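I opened my notebook to look up how this chain is put together. My notes follow, entry by entry.

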Amino acid sequence: MGRAFLYVILGGGVAAGYAALEFTKRGISHGELCIISEEPVPPYERPALSKGFLLPEAPARLPSFHTCVGANEERLTPKWYKEHGIELVLGSRVKSVDVRRKTLLTGSGETISYKVLIIATGARALKLEEFGVKGSDSENVCYLRDLADANRLVNLMESCPGGNAIVIGGGYIGMECAASLVINRMSVTMVFPEEHCMARLFTPKIASFYEEFYKSKGVKFVKGTILSSFDIDSNGKVTAVNLRDGSSLPADTVVVGIGIRPNTSLFEGQLTLEKGGIKVNGKMQSSNSSVYAVGDVATFPVKVFGESRRLEHVDSARKSARHAVGAIMEQNQVGEFDYLPFFYSRVFTLSWQFYGDNAGDVVHFGDFSGGTFGAYWVRNSHLVGSFLEGGTKEEYEAIAKATRLKPAVEDVAELERQGLGFAVTVSEKPPPSPPREVIGSGIVLERPIYAFHATAGVVLAASVAAFAFWYGRKRRRW
């Protein structure tokens, strides 16, 4: 027994919601699209889980953060999918996929066939057991990847107000969860092996600002070591976190954020994989022409870098999903995906944005005592990355535009002196003039003018011919 659809989206995360909206904008018919998801609810904005969902006052709850509110678009509730004739297969795990036969087999034994498949399976949280540490199944150990995880963490916070919360990991999840735990009046300690937080993105100077801010809120940091084991009582509850440096921390709640791994297992041996993800071209199309991949699971060409990368961020998921649908529906009208990598976060009263690549020499600027500050990355004498904390909407737009333009940087000291003003100035410059050509007479002409002259010449010739015809007939009548 099975069903057939023209389009199938495998995965019910952020990318699936934005792809669905794009399909409807491009006029798919009722019954053509199916979304298969392990989660029991339609796609939602996953960043809300580590932000608004964990707040003690007026917390975010569904249906308020269904996609696509994150981009100020429609909120796609269950009713919306029904009204648009989109089939939702929720709470269903896909056991296997046969890309040659274009079929999927669900856990319930149903076969679903497709003409075009979009893989939006995202990634899963890395578990402690993968690093030799047991205890993930303890009742007060929590990961944060989906709605069930978020509900579990909320229940843990409510069950031990003022308790000790240990956050394992100093990346996105660690930083955002630590902030939420503090707001919930818990005593928070962050543990990670790196020298500073957000080591994959922040410079030591940038990290120092955030760590000092977190300390002012009561957060403690234990750096340069890792979790080695848990003390677990007879009820299966963790009571202490033991670290490799020999120290032990009392624990009422443990939140683990040690990275993610793309969900590619269904396609190993069937599609080309690269850099941990499914390799796709500039139209998000995999090595099988009927299969596309988007979001965290896709390794795609990043034009601004001149190489393929796999990016783990909601902005990439949203935009790659939309681009894939455009390429599917209008193959010849949609060009290559031209994406500028973008990352952001909001914690406490802070808000930062990053664009481009954090490679090359770094130049810091601004007020690191608590005002607006940032950094530029310069490689091969060109700006390739920009970071800004505390900017306005216009300032964030300026650093984004400047980073995409990759302007030349001749004097690093001058770049530091100009600071944010450099990006603002670059972003306000008019676009470069079109190529010019010097003809024999020494007159300089803009090349685009040729098209105008050709058109004018044709019009003039037609006018002369029409006049001659009219004049000849008139002469005959005379």
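**Entry 1: the start of the chain**

I began at strand β1 (residues 2–10), which is joined to strand β6 (residues 111–119) by eight bridges, the two running parallel. I note the ground rules here: this is a predicted model, local features need pLDDT of at least 70, side-chain atom pairs count only at pLDDT 80 or more, and totals for chains, interfaces and linings use all residues. Residues are numbered from 1 along each chain as its sequence is written, and side-chain values use heavy atoms, with hydrogens and water left out.

Helices (H or I, at least four residues) and strands (E, at least two) are DSSP runs, numbered from the N terminus. Two strands pair if DSSP finds at least two bridges between them.

**Entry 2: the whole chain**

I then stepped back to the totals. The protein chain has 10 helices and 28 strands. Of its 478 residues, 50% are buried. Buried means under 20% relative accessible area, exposed over 50%, and partly exposed in between (1.4 Å probe, protein chains only). Contact means heavy atoms within 4.5 Å. Among contacts between residues at least 6 apart in sequence, 60% join residues at least 24 apart.

**Entry 3: a proline in a loop**

Is Pro-42 buried or exposed? Pro-42 is buried, with a relative accessible area of 5%. Pro-42 lies in the loop between β2 and α2 (78–83). I listed its contacts, leaving aside neighbours within four places in sequence: His-66, Leu-76, Pro-78, Tyr-81, Leu-88 and Leu-90. Pro-78 is 36 residues from Pro-42 along the chain, yet their C-alpha atoms are separated by 6.5 Å.

**Entry 4: a parallel sheet with helices on it**

Next I traced an open sheet of five strands. The order is β8-β15-β9-β10-β11, and the pairing is parallel. β8 (141–142) and β11 (220–223) are the edge strands, each pairing on one side only. Strand β10 (residues 187–192) pairs with β11 over four bridges. Val-191 stands opposite Val-222 in β11.

Helix α4 (residues 172–183) packs on this sheet and touches β9 (164–168), β10 and β15 (253–256). The direction of α4 makes about 165° with that of β10. Axes are lines fitted to C-alpha atoms, for helices over the stretch in contact, and angles run from 0 to 180 degrees between N-to-C directions. Helix α5 (residues 204–216) also packs on the sheet, touching β10 and β11. Its direction makes about 135° with that of β11.

**Entry 5: an antiparallel sheet**

I found an open sheet of three strands, β12-β13-β14, with antiparallel pairing. Its edge strands are β12 (227–232) and β14 (248–250), each pairing on one side only. Neighbouring strands here are turned by 25° against each other on average, direction ignored. Strand β13 (residues 238–243) and β14 share three bridges, and Ala-240 stands opposite Pro-250 in β14.

**Entry 6: a covered strand**

How many residues of β20 are buried? In strand β20 (residues 298–302), four of the five are buried. Strand β18 (residues 277–279) pairs with β20 in the parallel sense over two bridges. The bridge partner of Ile-278 in β20 is Ala-298.

Strand β21 (residues 307–310) runs antiparallel to β20, joined by four bridges. Pro-301 stands opposite Ser-308 in β21. β20 and β21 form a hairpin with four residues between them, and Gly-306 in the turn has a positive phi of about 70°.

Last, I looked at helix α7 (residues 393–405) and helix α9 (residues 420–428). Their axes come within 8 Å and cross at roughly 70°. α7 and α9 are therefore roughly perpendicular to each other. The cut-offs: under 35 degrees counts as roughly parallel, over 145 as roughly antiparallel, 65 to 115 as roughly perpendicular, and the rest as oblique.

In α7, Glu-395, Ala-398, Ile-399, Lys-401, Ala-402 and Leu-405 meet Leu-420, Ala-423, Val-424, Val-426 and Ser-427 in α9.
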